[in-house]
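Subject: Structure handover and findings

Hi,

Here is the structure for your own work. Please look it over before reading my notes.

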Amino acid sequence: MTDLVYIGIIVAFFLLALAYIAACEALGKGGSK
Amino acid sequence: MTFNGIVQILLFFAVIVAVTKPMGIYLTRVYSGERTFLDPVLGPIERLLYRLTRLKATDEMNWKQYAVAMILFSLVSSLAVYALQRLQFFLPLNPQELAAPSEHSSFNTAVSFVTNTNWQGYGGEVTMSYFTQMSALTVQNFLSAAVGMALAIVFIRGISRFETDKLGNFWTDLVRGTLYVLLPISFFAAIFFVSQGVVQNFKPYETAQLTESFVVEVDKKDADGNVITDDAGENVKEDKTIDTQTIAQGPAASQLAIKMLGTNGGGFFNANSAHPFENPTPFSNFIQMLLIFLIPAGFTYTLGRMVKSQGHGWAVFGAMSVIFLAGVFATYAAESAGNPIFPAAVDQAVVGGNLEGKETRFGVTNSALFAVITTAASCGAVNAMHDSFTPLGGMIPMVNIMLGEVIFGGVGAGMYGILVMVILTVFIAGLMVGRTPEYLGKKIESYDIQMAMLYALIFPLIILALSAVSSISPNFGLTSLNNRGAHGLSEILYAFTSATGNNGSAFGGLNANTYWYNTTLGVAMLIGRFLMIIPMLAIAGNLAKKKMVPATLGTFPVNTPLFTVLLISIVLIVGALTFFPVLSLAPILEHFQMNAGQTF
């Protein structure tokens, strides 16, 4: 069970990182000159 | 400080200067896909790898594709390292029949090695089987270093290219960095280390009979191994005679070589490079220090070569060198001065300074030099215990990490870190003269600075927030401390700084192998690596798309001593302004308390 928690943390973080890529890109489209 | 010690430090620096150009040229050839002298041997292996994976080496990616590939690769790596640890009891090459590390320790170690941090909450020889050390940890030493190098090259490509969104192929950069740079140098370095006495075998541990036994006090346990307590709840103690010593063995040399070259720093043994089987001689110590700086120094020359401004590369090298040498001599001076609380009859000149926690094989000079090198670069290997340094001597390694690991820095990570600082430097210089900032023919615009600030701000946010929570939590934060007061705060602060900065060195004195520290330090490592890389890649992608702006009289030159001075100022100001308040509560306060006669 605890294994699943830590595997979940790893997977969740990298999903967050993928979302962060999208957010950084969106910021560029919205604000870059 | 002695003349001999100063000469040793300057000799080390002279060797770094000498290897920077050849290493830089070689790195340029490798990442430009040009032919190298290793092609006849490694070329067929590289092409075979591409064929097996159906990879088209010439297919280039934009920054988002590159980032996604890097993230997915790191995700799979993290899960693999976690699984290998948890299954180690069932896997081969485990002569000591070591059980699996706990879940929280396995999580911490998995992300630690994938992020090139190599923070170790465990002791290698009592926790990891030979198979885990080799297949999980050493493999990640290569791959995480190769990822860092690939990212540095991407940033340099972003600067050197115009009107394109293509920055290279992540898989090609990963393969070429591993195959042409890390593997060959590590191979010969490992053989050298074996020649110096580093062990490389699969033998079970040896037991040696001590010539002189001694008695220690230990907790008394019942037949089931449970600690016996008295009526007051205190542990019952008993004397135990120690007359044997277990001598750990294992494939240490092969891990040691890449541990230093890849600025990973994770020791095969718990004592890391202070262990006689991991760093046996002053010569092995010198080569280990050299390996740490070899690639980061070379990258400065690669930068100049690829952006066609060699003067810029040397200007960046100069900024790194000035901060590095200042740190070395400050630490050396602090450690040579020793502890003023020693009785007045103790002559510091005879004692040689503060030798607590230091190997007599290396002495004060090489301990101070090693400590500054390993924290300037994001290596994290140690040959002395930083916890035992004087307050100011221990503060310099901590400050090195707080400056963002840009003083040569980790393999690749140091280069892209300093380039973000360069962007900020050019921006601030532009503000000073009221012109749009330009950097090597590119206008620096709002998006570049937004991303640079995301890069720069998340680092102190994580360190300070998690240190603060740990410092006020008696149930899970403070219980791990061996020292109280200012020194205790230094221990907590150093741990989160080291993790977030992906350094991995431990100040010591803090038991980090707990649910709280293993989990929070693991999360700090992930954020400190990947959430800083992504905005950096976004800057690289944005720079590559820009048109060439011809240089004018108003363009700020980035190949002059003035630029070097400004870059040093920005690095110091960003670090000092952010961390000075907490430093004043920890090592600086401790320094004054020590001079007033108080220890912790």
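Below are the notes on rings, cavities, pockets, cysteines and backbone.

First, the ground rules. This is a predicted model, in which local features need pLDDT of at least 70, side-chain atom pairs count only at pLDDT 80 or more, and totals for chains, interfaces and linings use all residues. Residues are numbered from 1 along each chain as its sequence is written, chains are lettered from A and ligands numbered from 1 in the order in which they are written, and side-chain values use heavy atoms, with hydrogens and water left out.

Aromatic pairs

Rings of Phe, Tyr and Trp (its six-membered ring) pair if their centres lie within 6.5 Å; planes under 30 degrees apart are stacked, over 60 edge-to-face, and the rest tilted. The count over all chains is 31 aromatic pairs. One of them is B:Tyr130 with B:Phe202. That pair is tilted, at 6.3 Å centre to centre and 40° between the planes. B:Tyr130 sits in helix α6 (residues 130-160) of chain B, and B:Phe202 in the loop between α7 (170-196) and β1 (206-219), so the pair ties together parts 72 residues apart in sequence. Helices (H or I, at least four residues) and strands (E, at least two) are DSSP runs, numbered from the N terminus.

For burial, buried means under 20% relative accessible area, exposed over 50%, and partly exposed in between (1.4 Å probe, protein chains only). B:Tyr130 is buried at 3% relative accessibility. B:Phe202 is partly exposed at 46%.

B:Phe324 and B:Phe408 form an edge-to-face pair, 6.2 Å centre to centre with 85° between the planes. B:Phe324 belongs to helix α10 (residues 310-337) of chain B, while B:Phe408 is in the loop between α13 (391-402) and α14 (413-433), so this pair links parts 84 residues apart in sequence. B:Phe324 is buried at 1% relative accessible area. B:Phe408 is buried, also with a value of 1%. B:Phe324 and B:Phe408 belong to one aromatic cluster, whose members include B:Phe12, B:Phe286, B:Tyr301 and B:Trp314.

Charges over rings

A charge sits over a ring if NZ of Lys or CZ of Arg is within 6 Å of the ring centre and within 35 degrees of the ring normal. B:Arg176 lies over the face of B:Tyr180, 4.6 Å from the ring centre. B:Lys358 lies over the face of B:Phe389, at 4.2 Å from the ring centre.

Cavities and pockets

The search uses a 1 Å grid over the protein atoms alone. A cavity is a set of points where a 1.4 Å probe fits but cannot get out. A pocket is an open set with protein on both sides within 12 Å along at least five of seven lines. Lining residues have an atom within 4 Å of a point. Points are joined across faces, edges and corners, and volume is the space filled by probe spheres set on them.

The whole structure has 4 cavities of 30 Å³ or more. The largest cavity has a volume of about 170 Å³. Its lining has 15 residues, with B:Ala413, B:Tyr455, B:Gly501, B:Asn502 and B:Gly528 nearest the centre. α14, α15 (446-471) and α17 (515-545) of chain B each supply at least two lining residues. α17(B) gives the most, with 3 residues. By class, the lining of the largest cavity holds 5 nonpolar, 8 polar and 2 charged residues. Here Ala, Val, Leu, Ile, Met, Phe, Trp, Tyr, Cys and Pro count as nonpolar, Asp, Glu, Lys and Arg as charged, and the others, Gly among them, as polar.

The largest pocket holds about 480 Å³ of space. It is lined by 26 residues, of which B:Gln120, B:Tyr122, B:Asn270, B:Ala506 and B:Gly508 lie nearest its centre. The pocket lining divides into 11 nonpolar, 14 polar and 1 charged.

Cysteines

A disulfide is a pair of cysteine sulfur atoms within 2.5 Å. The count over all chains is 0. A:Cys24 is buried at 2% relative accessibility. B:Cys379 is buried at 0%.

Backbone

Most residues other than glycine have a negative phi. B:Asn272 has a positive phi of about 55°. B:Asn272 lies in the loop between α8 (252-261) and α9 (282-306) of chain B, and is buried at 4% relative accessible area. B:Leu440 also has a positive phi, near 50°. B:Leu440 is in the loop between β3 (438-439) and β4 (442-443) of chain B, and is partly exposed at 24%.

Best wishes
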